Amino acid sequence: MAEVMTIGTLSRRTGTPVKALRAYEDMGLLYTVGRSPGNYRLFGEEALWCVAVVSGLRSLGLTLEEIRAVAA
């Protein structure tokens, strides 16, 4: 079974603030694998890759809107 992590764990592993991760999810740049019994967002290992890609594109100067347009 693939590892799942909470948004806090994803934040610690990527160095990305929880608020930013929520924004990425709201924009469709990051997907959850569901919710925990306590209603926490749960993310799979692929979320680490997605956050790395978004962070890399942001470091190149792209806005979140531009990244969303490319992802669509």
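Mentor: One term before we start: contact means heavy atoms within 4.5 Å. Also, this is a predicted model.

Trainee: Got it. Which strands does α1 lie across, and at about what angle to β1 does it run?

Mentor: Helix α1 lies across β1 and β3. Its direction is at about 95 degrees to β1.

Trainee: What's the strand order in the sheet?

Mentor: The order is β1-β3-β2. The sheet is open, has three strands and pairs antiparallel.

Trainee: Which are the edge strands?

Mentor: β1 (4-6) and β2. Each pairs on one side only.

Trainee: How many bridges join β2 and β3?

Mentor: Two, in the antiparallel sense. As one example, R35 has R41 in β3 as its bridge partner.

Trainee: Switching to helices. At what angle do α1 and α2 pack?

Mentor: About 110 degrees, with the axes 9 Å apart. Helix α1 covers residues 7-14 and α2 covers residues 18-26. So α1 is roughly perpendicular to α2, because angles of 65 to 115 degrees count that way.

Trainee: And which residues meet there?

Mentor: From α1, I7, G8, L10 and S11. From α2, V18, L21 and R22. By class, that contact has four nonpolar, two polar and one charged residues.

Trainee: What's the handedness of the crossing?

Mentor: Right-handed, as α1 passes α2.

Trainee: New topic. Where is S36?

Mentor: In the loop between β2 (34-35) and β3 (41-44).

Trainee: Is S36 buried or exposed?

Mentor: Buried, because its relative accessibility is 17% and the cut-off is under 20%.

Trainee: How far apart are the C-alpha atoms of S36 and V4?

Mentor: They are separated by 9.9 Å. Along the chain, S36 and V4 are 32 residues apart.

Key
Residues numbered from 1 in each chain as written. Predicted model: local features only at pLDDT ≥ 70, side-chain atom pairs only at ≥ 80, totals over all residues. Heavy atoms only, no water. Helix = DSSP H or I, 4+ residues; strand = E, 2+ residues; numbered from the N terminus. Buried < 20%, exposed > 50% of the residue type's maximum accessible area, 1.4 Å probe, protein only. Axes fitted to C-alpha atoms, helices over the stretch in contact; angles between N-to-C directions. Parallel < 35°, antiparallel > 145°, perpendicular 65-115°, else oblique. Left-handed = near helix turned anticlockwise from the far one by under 90°. Nonpolar A, V, L, I, M, F, W, Y, C, P; charged D, E, K, R; others polar. Pairing = 2+ DSSP bridges.
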